[in-house]
Amino acid sequence: MAKLLYKLGKWAVNHRKTIVFGALALLVVLGLVTAKMGTAFNEDLSIPNTPAEEANDVLRDAFPNAESGAQVQVVFKAQDGETLDSEEANTVITDMLNGIKEDDADVVSVATPAQLQNLTEDKSIGYGTVTFENKAEEVTQDSIDNITDKVEQTRDEGIQTELTGDVEFSGTHLGAGEVVGIVVAFLVLAVTFTSFLAAGMPILSALIGLGISLLTIVIGSNFFDIQNVSLSLAAMLGIAVGIDYALFIMNRFRQQLAEGHAVKESVAIAIGTSGSAVVFAGITVIIGLLGLAVTGIPFLTVMGIAASISILLAVLVSIIVLPAVLGMLGSRIAPANGNIFLKKVTGYKEGKTSKNVWGKFVTRRPWLVTFLAVAILLVITIPFTHMELGLPDDGVAKQEDTTERKAYDILADAYGDGYHASLIVAAKIEAAESAEQVQQDLQAFSQDVSELDNVKSVTPPMPNEAGDVFIINVTPETGPNDQETKDIVNEMRGMSNKNIEFLVTGTAAVNIDIAQKLNDALPIFALLIVGLAYVLLVLVFRSILLPLKAVLGFLLSIGATLGFVTFVIQDGNLINLFGFPGESPILAFLPIIAIGILFGLAMDYEVFLVSRMREVYSQTQDPKEAILAGMRDSGKVVVAAGLIMISVFVGFMVTPDAMIKSIGMALTFGVLFDAFVVRLTIVPAVMSLMGKAAWYMPKWLDRILPNIDVEGEALLHNKEKDK
């Protein structure tokens, strides 16, 4: 592969203008197509073949006319000392809701709190509804703007009015955090390369790949069911990985220029050597993401595919577009032409060898360093043992200043926390002897449920037209993520008999099913990617023990990552520091997403660091010299790559959306723990303890395994012979 990439690098330099302008033209075309087609993201996070989804299927078949378009709840709260049932308030509310219907042809119906008879006992709080003809993802921005404009009428009259429901009113947009993350990445690159011009190239390369991938995903949303969170995840990974991959290639390019090679030759060697490592690294990340498909959960599979597209584009742009750009810039970004100010600040001197202070410190005290680093990660892992999974609702997913969060709090205060945890029971008649027997069983069920702890109310069973399915609504006293509500779900599911099967759905029921589904899939998923990582690293490093050390290090870092996330988000420690709205269960699919992504990134750092050690060891047979060379030559690049990843992920961690924030936090600390504690601390310390045994490989196994030359050693040897 190194030889093919070497030729690709030369071809890219020869056709540099065509490639660069072709990439920009592709961006423009995709942008125009996106503007024409628009977006059609689907926010459905349901999981097929679960008890809750089975209940939904039964209800859809039994009550086909009950399905309608998206519904918005307009929540009203009167000022202190006033009520909503006064003639004046009722007129204002009715006029506002009727105005919404008159100005929007997509609105099917509206209903006032008086019509719905949902005013609280003191008449101070109630809610109306706006029902659309279309589903939530098909509601236009004009319709959303119409509602937000109209609610100002009631607000101006002194009635607090907030919005919630199927339609999103407080969307997630690119904010200052993401921009700051990219700026920090630029500064890290500037310090690494001692050149502002060179620092801009990885970011330019990453943005080109990111733009193409995101526009492709947006266009794809018109043809496939893609969730909006998939786009955010793809953006998060695409920009971070794109910058890092370009960093590795540019670092090698500048090394070749410093050794006196011509620009074209330097580009070709950089693509043939570091480009090979980038391709391998990209493949490992893609494998981890596509591995999400083993969960059998459609939206996770889609998230993995969408993120894989951004990784694939990052790799392709790095080995095709970036060399073309480097061919244009030439020696202007050579180390000798670096910025004088940056050289002075960093103390850079051409030909000066790094003191490698950290590498020497770790290798001189391997036992102490290993013990302390492993102990720290194990302590941070402890909260992971009581992690609880769930899906965020507006009470924890929205910031306090959003209209959805205000509506959530008003409704919870008015009707209790259980209002947001309503459970729907589909009573499916199986083999009842008579109608009387059915009624007796239904009455017994309702009576038993009403006597359960924390149950607030149970509605009478309502039959469908055929009389073979009854629907029952159960309202708990507690919220959707509370254990008491989950206990009610489990109790009701255990009440089925030979006559009637009781199927339960609702937020709490869905949370139970998602947690169970993911718990079942997680061991298979983890075993798959960890096993695959071990095999791939055996091929790369020609060693039995090094890959085992790499895999065990990853397990340490992922355990610490999930432990820290639990410590903050679920346990509520430092929660204000990180800007989360409140304590909540961990996003149900966060652990499996974090494992899939951090696995790929961890293997990236392992390859870039240890491959240099292997190169030196194969020449000197001195394990300590190999470790020090790897830390000296590749360590600073891994540090820069880790800092760039962290700065980009922090940018997403400070967004207001709790789902994206939690993923950003997991990836931020995942990279921190893996790159700096595991790869740059534990790895060299353990390798120092292992000595030559780290590189042991049975001769018979070495002969039969294919040789994966990720650093292009064969290419460099051939170059030396040609000289």
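**Note on salt bridges and surface patches**

1. Being three residues apart in helix α3 (residues 51–62), D57 and R60 are separated by about one helical turn. Their side chains meet in a salt bridge (2.4 Å, N to O), a term for a side-chain nitrogen of Lys or Arg within 4 Å of a carboxyl oxygen of Asp or Glu. D57 is partly exposed because its relative accessibility is 34%; this class lies between buried (under 20% relative accessible area) and exposed (over 50%), with a 1.4 Å probe and protein chains only.

2. This is a predicted model, in which local features need pLDDT of at least 70 and side-chain atom pairs count only at pLDDT 80 or more, while totals for chains, interfaces and linings use all residues. Residues are numbered from 1 along each chain as its sequence is written, and side-chain values use heavy atoms, without hydrogens and water.

3. D103 and K150 also form a salt bridge, with the closest N and O atoms 2.5 Å apart. This pair links distant parts of the chain, 47 residues apart: D103 is in the loop between α4 (87–102) and β2 (107–111), and K150 is in helix α6 (residues 141–156). K150 counts as buried because its relative accessibility is 14%.

4. Helix α6 also holds R155 and E152, three residues apart, whose salt bridge has its closest N and O atoms 2.9 Å apart.

5. K549, E606, D674 and R679 are linked in a network of salt bridges. The count by this rule comes to 12 salt bridges.

How values were computed:
Helices (H or I, at least four residues) and strands (E, at least two) are DSSP runs, numbered from the N terminus.
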